[in-house]
Amino acid sequence: MSKKTYINGVGCISTQKTFDTVFLEEAVVNHNENVLAIVPPAYKEYISPAASRRMAKGVKNGIVASALAMKDANVENVDAIITGTGLGCIEDSEKFLKSILDNNEEFLTPTSFIQSTHNTVGAQIALLQQCKGYNFTYVNGAVSFESALLDAKMQIEENEANSILVGGVDENGDYTTSLFKLAGRIKKENDLPSNVLNANSTGVVYGEGASFFVLENEKKDSTYAEILDVEIKNSLEENEVEEALILFLKSNHLEITDLDAVVLGFDGNSDSDSYYRNLSENAFVKTPQLYYKHLSGAYDTASAFALWMASKILKTQEIPEIIKVNSVVKPTYNTILLYNQLNGKNHSFTLLSK
Amino acid sequence: MEALKEELKNKIITTLNLEDIAVEDIADNDPLFGDGLGLDSIDALELIVILDKDYGIKLVDPKEGKSIFQSIETMASYISANRTK
């Protein structure tokens, strides 16, 4: 019989103060910027100055988020580390490429090259924890985190590992965000202030962050939720989403009416938010609906922030006003569905229960 | 020579991201590796690039590095004697 997968510890570094807080009580929506920066923790409490001097912020955030998750789960080591990232260590990639151009392909220094690979975060976490087990990084656009989560869930189900650290991490790089602005992927300054729920312009407010989770095969006092299922669909038309969702729920012996809340990935892009809007105004009209990218910003692994949020809700049974889409409430929150997509591609469904 | 030593200290702090160290914390004869500043092999590569890029010195014999990079004093002496720019 396959093992169940429990979230026993969480850690989140984001564009909100999500460390040293209870649950988004200090959250603030920033309508006036189109690229949001993380609220940095005190890195020195987690990483020695000698180790941190070569690390870009994404690596440091991943290390701190994973340390928070492990402390929360009260574990000192894990069997595997699985990371999802859309752009990897883009800051050091930019630095290295700029150095190639500036120095006419001469005088290349090793540090930024070493730190520029996508698997740097997972590798540095493993080095610090002396974890010599399975270490894998998924780079699959907006389903990078879900790919990591699915791998972790299958490994626990198949008894390949008892405990796994899984996370999603992305950082903003100045040059990359300038290209995203040129390409229209980031909202234009003229279209600010932004309104994620009722967008009337294209592009998104970009963000960055790192969210890590300790998954284990046994329920503990620290357990937040059980991960019932994760499904990835690379391509779905707007009119196919509801049916795909119903089939996903059915395969878990559930119907839409069984859901106590749904977390939708509204990102304020008027070109593709209709995917969420259709569900919000029809299938989920009687379900408590939540959103998060107005707090976290949009980035490839922002859905890891959503999992952090849903885990907190299941444990605390509280939903902060700042994440509510509608006013529907339930007496208890036992089953939550997360749905995310990016520009009509890379759809993911993640199902949690208390 | 004193100006060069000061320059080297600043370059090392900036290039190697030694966030908690100031120029005054590095004595001219402090060992750069091991017990002194605690630099490692990746830093050694960065120092070789500084010599090449900023002073026009190409180290052809890696064994030379050990004596050249012993301290700020030894680095400055070697640069003064061999710099091409």
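The model is predicted: local features need pLDDT of at least 70, side-chain atom pairs count only at pLDDT 80 or more, and totals for chains, interfaces and linings use all residues. Residues are numbered from 1 along each chain as its sequence is written, chains are lettered from A and ligands numbered from 1 in the order written, and side-chain values use heavy atoms, without hydrogens and water.

Chain A first. Its open sheet has 10 strands, ordered S3-S2-S4-S5-S1-S6-S10-S9-S7-S8, with mixed pairing. Pairing takes at least two DSSP bridges between two strands. Helices (H or I, at least four residues) and strands (E, at least two) are DSSP runs, numbered from the N terminus. S2(A), residues 80-84, pairs with S3(A) in the parallel sense over five bridges. There, Ile81(A) stands opposite Asn135(A).

Now chain B. Which residues of H4(B) are buried? Ile72(B), Met75(B), Ala76(B), Tyr78(B) and Ile79(B) are. Buried means under 20% relative accessible area (1.4 Å probe, protein chains only). These residues lie on the same side of H4(B), because they cover an arc of only 165° around the axis. The arc is that of the directions from the helix axis to the C-beta atoms. They pack against H1, H2 (41-55) and H3 (62-68) of chain B.

Take H1(B) and H4(B). In H1(B), the residues meeting H4(B) include Leu4(B), Leu8(B) and Ile12(B). Contact means heavy atoms within 4.5 Å.

Notes
Buried < 20%, exposed > 50% of the residue type's maximum accessible area, 1.4 Å probe, protein only.
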